[in-house]
Amino acid sequence: MNDIPDEACRCGCGGMTTPHVRTGKPQRFINGHQNRKPLAYRAEERGYPSPCWIWVGSIAATGYGTFTRDRVKHAAHRWAWSQHHGKPVPAGMLICHHCDIRSCVRWDHLFLGTSADNVHDAQRKYRTRGGGVLGSSRPTQQGELHVLAKLTAGSVRDIRRRYATESTSERKLASEYHVTRGAIRRVLNRTSWRHIKD
Ligand SMILES: [Zn+2]
Ligand SMILES: [Zn+2]
């Protein structure tokens, strides 16, 4: 079964795209998400209230989905969490699964936790039953996002135009474009993206 609608943003953030203005067809990405990695997954019922999004790609021996980008190996569930929240996984934190399916990359099945949370969670779900060694079931720390939301010349123009013409704020724009307020401010006061004149 596959309940992933055509309108779902391909980055796996959980957002829905709007139809293309001319063709009326669903767009692949929400505005501002075009530079993100499309997440490959299929929806499967795995006993959790909503279907899991099972990673379609390499699965590490630990059970987590992985992929390589720019010669860096990443954990798919950590990447998925980052794309949904629009920020890197905070240093030292783990991304845990409500559904207990490690290859699941569905944003609302993932939560930020400490290794203590993960251990507690594993115990609660009996993941460690049968003499399982927690040390070997600990999620990988790799997979920090190096490049998450990068602005493009197009989005920089949009941001400047919208700030000048609409009632919006740095904060709103930051959350819409998944960058920091500082990044928006630098775009607006032209300490960044100076070469974009129009
Ligand atoms: Zn998205
Ligand atoms: Zn899941």
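Predicted model: local features only at pLDDT ≥ 70, side-chain atom pairs only at ≥ 80, totals over all residues.
## Arg186 and its surroundings

Let's start with Arg186, which sits in helix α6. Helices here are DSSP runs of H or I with at least four residues, strands are E runs of at least two, and both are numbered from the N terminus. Arg186 counts as partly exposed because it has 16 C-beta neighbours inside 10 Å. For the cut-offs: 20 or more other C-beta atoms within 10 Å make a residue buried, 12 or fewer make it exposed, and anything in between is partly exposed, with C-beta atoms placed from the backbone.

Setting aside neighbours within four places in sequence, Arg186 is in contact with Thr191 and Ser192. Contact means that the C-beta atoms, placed from the backbone, lie within 7 Å.

Residues are numbered from 1 along each chain as its sequence is written, and chains are lettered from A and ligands numbered from 1 in the order in which they are written.

The chain's average pLDDT (the predictor's confidence in each residue, from 0 to 100) is 81, and 81% of the residues score at least 70.

## The overall layout

The chain has six helices and seven strands. From the N terminus on, they run β-β-β-β-β-α-β-β-α-α-α-α-α. Of the 198 residues, 28% are buried. Take the contacts between residues at least 6 apart in sequence, and 52% of them join residues at least 24 apart.

## Strands and their partners

β3, β4 and β5 form an open sheet in the order β3-β4-β5, with antiparallel pairing. β3 (58-59) and β5 (72-75) are the edges, each with a single partner strand, so one side of each has no neighbour in the sheet. Strands pair if DSSP finds at least two bridges between them; β4 (residues 65-69) and β5 have four, in the antiparallel sense. One of the links is between Thr66 and its bridge partner in β5, Ala75.

β6 pairs with strand β7 (residues 110-113), also in the antiparallel sense and over four bridges. Cys96 has Phe111 in β7 as its bridge partner. Leu94 and Cys96 point one way from β6, Ile95 and His97 point the other way, and all are buried.

## Two nonpolar cores

A nonpolar core is a set of buried Ala, Val, Leu, Ile, Met, Phe, Trp, Tyr and Cys residues joined through C-beta atoms within 7 Å. The largest has 23 residues, of which Ala76, Ala80, Ile95 and Val105 touch the most other members. β2, α1 (76-85) and β6 (94-97) each give two or more residues to this core, and α1 gives the most, with four. A second, separate core has nine residues, including Leu151, Val156, Val179 and Ile184.

## Helix α4

Ser155, Val156 and Ile159 are buried in α4. Seen down the axis, the buried residues fall within an arc of 105°, so they line one face of the helix; the arc is taken over the directions from the helix axis to the C-beta atoms. These buried residues pack against α5 (170-177) and α6 (181-188). Ala153, Gly154, Arg161, Ala164 and Thr165, on the other side of α4, are exposed.

How values were computed
Contact = placed C-beta atoms within 7 Å.
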